[in-house]
Structures are given as structure tokens and as C-alpha cells.
Amino acid sequence: ASVCFSSDKSSLIAELYLDSYFDEEYCFPVEWHTRLVPLVKKIERIEVIAQRILFQIFTEEREKNNSKKRRLDTLEERILCHFDSPNKEVIGLKTIVCYRSGLDVEIWQDHPRGRESVEDNLLTIYKKWKTKSEKDQKNIKLSNSDKPLLDFLVERAVLISHHRNLPLQIHTGFGDKDLSLSQSNPLLLRRLILHAEKNYPSATFVLLHGSYPFSREAGYLAHVHSKVVVDSSLFNHQLSFSGMEATITSLLEYTPTDKLIYSSDGGLYPFNFYLALKYTRQSWATVMSRMVDSGEISLEEAKDISTGFFYSNSKRIYSGQDCDQNQKIPRSFSNIPSSISSTSTSLSGPLSSKLSSLSFWQHLETTSTNVLPFCPMSGDSGITLTQDSVARHLLRYFEQHQIKYVRQIWCDVSATRRCRVIPVWNFLKWEGHKFKGLALSGTGIPTCALSFPIQHEYIPEGTGATLFGSMQIIPDLNTIHLLPYSKGHAAVLSSFQQGGQAFEQCPRTFLKKMVAMAKDEFGIDVMAGVEDEFFLVLADETKDIPNLRPADDHPYASVCIDERIEMFEEIIEDLAKQGVRTEMVHEEAGVGQYEIVTEYDSALHTADRQLIIRETIVNIVAKWSEKKGLPPSSEKLRATFLPSFRGTGSGCHVHLSLSRDGQNVFSANEITPNENGSVDLNDHWSTGISEIGKQFIAGVLTHLPALMAVLTPLPISIRRIQPNHWAGAYQCWGLENKEAALRGWGSHLTDKP
């Protein structure tokens, strides 16, 4: 975040508005973000507030065994009470009714049954809620079948906007797959806007995402209605450059320039904020230049329009609450029973308890990986047998072990493990007498896919990838192995080729190239070992974004590991079946955190084993979640290698050494004692490190800032690199110094090859 929000990257990001949908337990609190930008405020989402209050109301009914006859009155009172008093942190409201029942909001006051229809809807929600388990009851989610209540909430949000000078953001246009695009056209809001102009004239509507692909419709509404504003968020880092330019152009056709504002909708990922601003600047500059060149506007007008778009318009619209503490927001009911507002809503806390969608965890953690007798992982890549003989050998092997599917696994430049599942008939396909299976030809993939970030499918700048061309994911048949934890499945690790040649940006190919260079030029073998840290968490996957909590809270190296010893025995045994030997397992310092240490080997084999280790742990932990005595079905036991979850976070210590003819070249032939005849380990010239060892250390330290792109590929990876986090935050080396990025391991400098 500190990189993406630094002044040389995004000097125009002056204000940050945070959607209160995200839980502060897993997202930094509002005040933390002030280190990134000068001003940070919150946007309150009306549906989330209502869902939280409904849980309170329903819980009260269950505990008192007394159904409320005025649920809607209670709900409305508590929502409006939340906004009766000023809150300097809140800068606006938001609704995602577009994702639920659509933008065609009916005015409940005009409905034949009015509040009665909303009460009926609340009763239906309550009856469904009572049938759920106690854990599931905490997750109340309004759906498209709850249109009466959703429309009521939106109308009440307009009321709050009018009385508290809080602009109401409305999701319009494109979005995720659960959105109906036909119901996201902003023209459907006209009935609500006319209702507001008559009853709540100070209410301001902010149409998010440029209403793409309904940008002209959004511009029309902004032109004819004085309190409608168009926001450019989301499309500015989702569309192509030509698409962005076309959308900006269409917005400028009819939208008043003082009612068009910039924002990013960067979500949870700092790089989205940076990319959105960068791409919008480029596209905006192109459009402005074209308008100036054509004589449509002058250069000075272009400057004024740009200043308004990027800053001053937004500053004017989000001017803060105008709230008289003695003036309550008018209610739509009378004779309020004292019991309605007597219970605190506790809305000052988190409004949602979620970190990331399940797909996020699956991208990071959920692909899978015994070794063929003829191709052990300790062998070199490439099989010298003919294609036909290889295919027939594989076919016999798969038949022997009843393998039905092969998982093709690779690692991309963001350190994300990815997978494709291939039926055996396609992996070993024959056409007549010719072998045409994917075992040798691989599978096709766009060239740019290797550079995708974890969750979003766009190309980060500087990767060298483009939207043009394709490449092949080629299985390394020396790495085929059975999956002990998944009956009928085998896995194979893969590299990338293009035009029959190795693709240089493939991480595995690059490692092979560097290892070969060290051997060819210096006669050196690069050796490595790893210590993998990971968290065991309980994930409530019944929610849109799973709520995560540590599976236990034991101290470092606790004997309490016996609670899960059978699970770890299975992990160790299944790793051994795949050619990976475990040296040690223990509990780490973090809550729910463990570490597994595996055998030292060549750099390439150690890197390959990383995929196998992580896949094995993730899949076996998931299997144990279903076993007797573990958490109930609403909470699943999961393993995550995320760098930051709780406390100091997780890392992966990499032990590196260079050897020649089996001898460690880091060790000097002689260790020179000091004047007293002893060796001072604090003197880096007398630690017994050879000249080539010193050169290696100097090279790593010199290039360490650039290496961070590989060593810490995720925003949360970078966030973990700080003092007192056991993360090697300093660009230095030292003996037994856990704050140093490069640590010499005492006498072991000479112990291992």
C-alpha cells in the first residue's frame, strides 16, 4: 500500500472513502489509512446496516419468545437513530439494490398496501431465519425476493441523504455475475429521483461506475436532474484503453462537466487504486487533447474541466454532514413504543466479518499434486523415450493405479499456484496410430495469463505481456505423481513454451536457466531448503466472503500439537509418497500457525516440491474438516499460506548454499582469528565466509529491492516486511540476526554442502 499510494505513484489521491461493508477485524481501521492519504472517511452501506439491525431484532424475539408486531417500525427507528447524531467519519451512503431486486425502485408510499407489504416481507424473512442454525442466523442476506424491504431501505436512504447532506452512492451498470444487467440501467431510477425532487430536494444521487455500458443514459440523468452526479469508478481499471476513452467521451457528450467525478473503487487491493488513477489519467488526457485539437474546448477550459473531474467536483459534493444534533430525522410512523429504540444497535463496530471471497482462497490454496517409477523427481527434465513409448508407458501406469484425471499445475509470476484438470482420455489421446495427447503437446493459454494478479484478469505494467499471442503449458513428465489424498487423480508440474521454445518469463524456466548458468560458468550447484509457515483457520463459507478465525491459540512449539497429530501424520506420510521427506513439524508463534520443514535439495527440485507441499497440506486439512469431532458444517478447517493473517504473519524461510563437487563454497579454507587468538563472529571479515560467499551476499543485498517483486509479490507480503515481525526487514546480513534480510546460520555455514 505504501508503494501504490506513494507521492510519485499517485500524487492526486487526496481522499480515501472506505465502504463500511468490510470488517475492520480483517481490514485496517479508518485511522490507519491516514498514513497513505491526507483524508479518510467512511461510506455507510444501507443494506448492511439493515441486516445487522435485523439480526438484533430477530435475536431479541427468539430470546424473549415474543414476536414483534412492529418489526418495520423498530427497524426504521434504529436505522434513523444511527444517523440522528453527527459522525464526522461518515461522508456518504451507498446502496447495492442493483445486485438484488434491481434499480426499478417502487415508492412504498405509493404502493396500495404501503408499509403492510414491507411488514409481510419482514415476516417471511423472520420465518426463514428461525429455521437456520444459530451460526447461520448471524448471516442475514437480503435477496431479490425481498424487493418490498429493499425498496423501503433505498427510499429511507434518500430521506437520510436529504436531511444529513450525505450523497447516496448507487451501484449502476456492470458488476459481478449475480447482477442482472437489464436491471442496472440508471434510467430505471427516474421514479425514485422524481420522488426525491418532490419530497427530499436536497438528496444527492451518485451513479457509480459511469453506469457502463449505460454511460449516455447516466449523462442524460445528470443533465436533466440537478442532484444527479456521475462517478467514473470501476470501469477505469476494468476496460481496455480504447474502451475507457470511448466511455469518457460518451459521458462528456451530455453530462455537465461539474457533475462528473473521478474515483477508483480499488476494493481491497492497493494496486487497483494506483492502476485506476494511472489509466484514467492517460485516457482522460487523450480525450481532452482531442477536444482541444478539434477546437471544441480551449486549453484553459480543458484544465478547469480536468481539475473539476479529478478533485474539486468530488470535494464539493462530499462536503460532509450538515447535522443539527437537536434535529432528528423525521420518522414515517407515530406513537413510537419506548421498547423500539431502547436497545443499542452497536453500529460503531464492524458491519461485516469477511476478508476475501472463496475464489480468492481457491486461487491461492486449492490446486492439487507419487512419483512414477521411471521418472523420479530427482531426475532431469525430459524423457529420452519416443513419444509413442512414453504415452504407452503412461497409459499402463494410469490403468494400474486407476487414474482418471491429471492435474496440470504451474506457478505464475505472482507466486500463485494454478491448475487445469484434464481427463486421462485427453491427456493420452490417440488419433489412429498417432499420439495427439496433451501429455506432450500441452495446453494452450494466452501469453498474458502468466502475469495475471491473484484475483483479477488484467495485465500489470512492466510484465512484457500483451493481449496478443498464446503459449503452451508443457507438462514435465518427470514430475508426474499420484495424489494420495485424491483417489483417481495424478498431477504433473509444468513449464511454458512459445513457438516450441522455452518462454523466458516462466518462473520455472527462469530458475532452470539460472541454475544452469551457475553450473556452466562457475561449476556451482545451487542448493536450497525451505521452512513453510501456514495458518490453520476456521472458515465460515456460508457467507459471501468467508469469515476466518484461528483454529487454535497455542504458544510456540506447544505440546498441544497432539490435538492434530493424526492430521499431521497423514500430511507427512502423503508427502513421503510424493518424494518429499519432512524433517520437522511444530507450532509457530502466531495463533493457529504451524511450520513444516522439508529436506534440503537442488534449487529446482526444492521449488517443485513447494507446489507439492502446499497442495498436500491444503487438501488434507480440508479433508480433516469433514471428520468427526471437528468444527460444525458451517465452519470448515482450512490451511492458508497467506503472508499476513494475524500477529507477525507467515513467511517461507529459504535456506541457500552454493556447492562445488559436494563442498560448500561459502566456507573459507581458513578462519583467521583476531589478535586475541579467538574468532569474533560479530566481525564479518572473520566469520569464515569465503570470498565467493561474500560476493554472493553482496550481490543479493545489492539487488534486494528489485528482488522484493519476486519475494513479496502480494500487497500483504509487502505489508509484513517491517521491524519486529521476524521478517528480515533490513537490507543487511548478519549471523543469527532475525531482523536481517540475509542471515548466516552460525556453524552451519560450513556444515552443509
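Predicted model: local features only at pLDDT ≥ 70, side-chain atom pairs only at ≥ 80, totals over all residues.
Residues are numbered from 1 along each chain as its sequence is written, and side-chain values use heavy atoms, with hydrogens and water left out.

Start with confidence. The chain averages a pLDDT (the predictor's confidence in each residue, from 0 to 100) of 80. A score of at least 70 is reached by 81% of the residues. Over residues 334-385, pLDDT stays under 50. The model has 162 contacts (heavy atoms within 4.5 Å) beyond four places in sequence for that stretch.

Now the rings. The whole structure holds 21 aromatic pairs. Rings of Phe, Tyr and Trp (its six-membered ring) pair if their centres lie within 6.5 Å; planes under 30 degrees apart are stacked, over 60 edge-to-face, the rest tilted. Tyr-262 and Phe-310 are tilted, because their planes meet at 40°, with the centres 5.5 Å apart. Tyr-262 lies in the loop between strand 7 (260-261) and helix 10 (270-293), and Phe-310 in helix 11 (residues 299-317), so the pair ties together parts 48 residues apart in sequence. Helices (H or I, at least four residues) and strands (E, at least two) are DSSP runs, numbered from the N terminus. Tyr-262 is buried (under 20% relative accessible area; exposed is over 50%, partly exposed in between; 1.4 Å probe, protein chains only) at 13%. Phe-310 is buried at 16%. Ring pairs join Tyr-262, Trp-284, Phe-309 and Phe-310 into a cluster.

Phe-534 and Phe-641 form another tilted pair, 5.4 Å centre to centre with 45° between the planes. Both Phe-534 and Phe-641 are buried.
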